[in-house]
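Colleague: Could you walk me through this one? I'd like to go over how the pieces pack together.

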Amino acid sequence: MKNNILSTRFILKLILSFSAILILAGVGYTLISFYLSNKYFNETTQRLHANLAQDLIDEKFKDTHPFDSTGTVNKALFGDIMHDMMAVNRAIEVYLLDNEGHVQYSVVLNHDAPETKEKKINLAPIKQFIAEQGSHYILGDDPKDLSKQTIFSAAHFQKEGHEGYIYIILAGEDFLATRSDLFNSYFMRLGLGGSLLTLIFATLLGVLAIWHLTRSLRKIIYAAKRFQQGDLKYRIANAEKTDLANVASTFNSMADTILADIEKIKSVEELRRELIANISHDLRTPLSIIQGYIETLHMKDHTLSQKEREEYLNTISKSSEKLSKLISQLFEYSKLEANQIQPKKEPFLISELANDIHRNYSLFAKQKNIDLKLSMADNIPLVFADISLVERAIQNLMDNALKFTPHGGTVVVKIETLNKYVQVTIQDSGPGIAKENQALIFERYRQTKMGQEKEGVGLGLAIVKKIMEIHDSHIKVLSQPNEGTSFSFSLPVHVMN
């Protein structure tokens, strides 16, 4: 239920955001449309009436002078102009300017002529308009408010020693006031209507678009719910083809990883139980032997001969050593598996280590009537590894080889250089390992029968494998039943800087 609420909120936010964007776009479009339409109207009006001022001069000033004999404005002439304006265009205003741009007289419909002689019109737009013959859109000063700009028509006149400009405002005060009222009303109707239509269409388009765009998101949410409910094998079909390919593929990968981790945990738990059971068994065996012989010594101490007493003590000592070795291996393996042991790599002579191990195991091999051989060249290079861990790995392999090699058999320790690596091989003439069992012998506490009873705790080879892993190497096994077994691993040759 909570997930549905979150999903609905998310989709609602997308719809509102999408609607707001469209509404803002609609308002912006409306404002731009009004601005451009207003500019279009003004430019069209100016183009259509570009020659109005010149026509006025050609018609009215042809036989009549704008100034009388006293140098004052000919008001009768401008009265005729006013009547003509009323018949042609009630929106215009006519101004008479001198050569410096001062307003000399004005004709404004339905108003008394304002006192504008103190006002000076900027002549630069007027001169540009006359030079270009009204072919371009140009705004000039509004004599009633010099802070405003408006469309105009202008022409220069020169008659009987008088010269100046006829300056005609094409959008007068009455026209602007009427247009402003209509514009505000029209803008309000258009704005409200446009906003309402935009909102309706935005909502519809937003719902459809978001429903389509969130289809992949809904698939991912559904897959997550299935996974949460225990369907660990459910995956998003064709994840790489969805709109959210990266998210969908990441979910599938995450689900695969989680499932693999769960299986691994189950496997670890199963092995843990098996390990505890096997360790309990091996701990119980030497402890039972020790306890049994000690009780026998207590009960029959006065009746045992010296030889029997020594045999009992010798058996107790061997069981104690086996118990100590078991506990030591368990601690060693647990540290390796928990990554608590970090290799301290350094260059050393593997040949010297091999000689020391051969010498240490020679007596034990002799006691079992096993021929222990060491095979290596004289120029074995330095290797780069942790000498104590490598020694421990070789010792475990030697213990394993001597354990399963029968009396009169042979064990060979071979050291050889292969390209940039030195390979260490421990070969025995024991009963060998069946092919189907070779993948199991490196697992912790796994043992396989090799023609005789099992011995040891089954952690020796697992420890060797861990030591090789932290050296970025691996242990190999070659074996055939009744033909002996060969274990080998490689160490990198030390490179001198």
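Colleague: How do β3 and β4 pair, parallel or antiparallel?

Modeller: In this predicted model, β3 and strand β4, which covers residues 145-159, pair in the antiparallel sense over four bridges. Within that pairing, Leu139 stands opposite Ile151 in β4.

Colleague: And what is the order of the strands in the open sheet?

Modeller: The order is β2-β1-β5-β4-β3, five strands with antiparallel pairing. Because β2 (103-108) and β3 (139-142) each have a single partner strand, they stand at the edges, and one side of each is left without a neighbour in the sheet. Neighbouring strands are turned against each other by 40° on average, with direction ignored.

Colleague: Which strands does helix α2 touch?

Modeller: Helix α2, residues 52-60, packs on the sheet and touches β1 (93-97), β4 and β5 (162-169), and its direction makes about 35° with that of β4. Helix α4, residues 123-131, lies across β1, β3, β4 and β5, and runs at about 55° to β4.

Colleague: Switching topic, how do α9 and α10 cross?

Modeller: The axes of helix α9 (residues 350-367) and helix α10 (residues 387-404) come within 11 Å and cross at roughly 35°, and the crossing is right-handed.

Colleague: Which residues meet there?

Modeller: From α9 they include Ile350, Leu353, Ile357 and Phe364, which meet residues of α10, among them Ile387, Val390, Ile394, Met398 and Leu402. The residues of this contact between α9 and α10 divide into 11 nonpolar, one polar and two charged.

Note on methods
Residues numbered from 1 in each chain as written. Predicted model: local features only at pLDDT ≥ 70, side-chain atom pairs only at ≥ 80, totals over all residues. Heavy atoms only, no water. Pairing = 2+ DSSP bridges. Helix = DSSP H or I, 4+ residues; strand = E, 2+ residues; numbered from the N terminus. Axes fitted to C-alpha atoms, helices over the stretch in contact; angles between N-to-C directions. Contact = heavy atoms within 4.5 Å. Left-handed = near helix turned anticlockwise from the far one by under 90°. Nonpolar A, V, L, I, M, F, W, Y, C, P; charged D, E, K, R; others polar.
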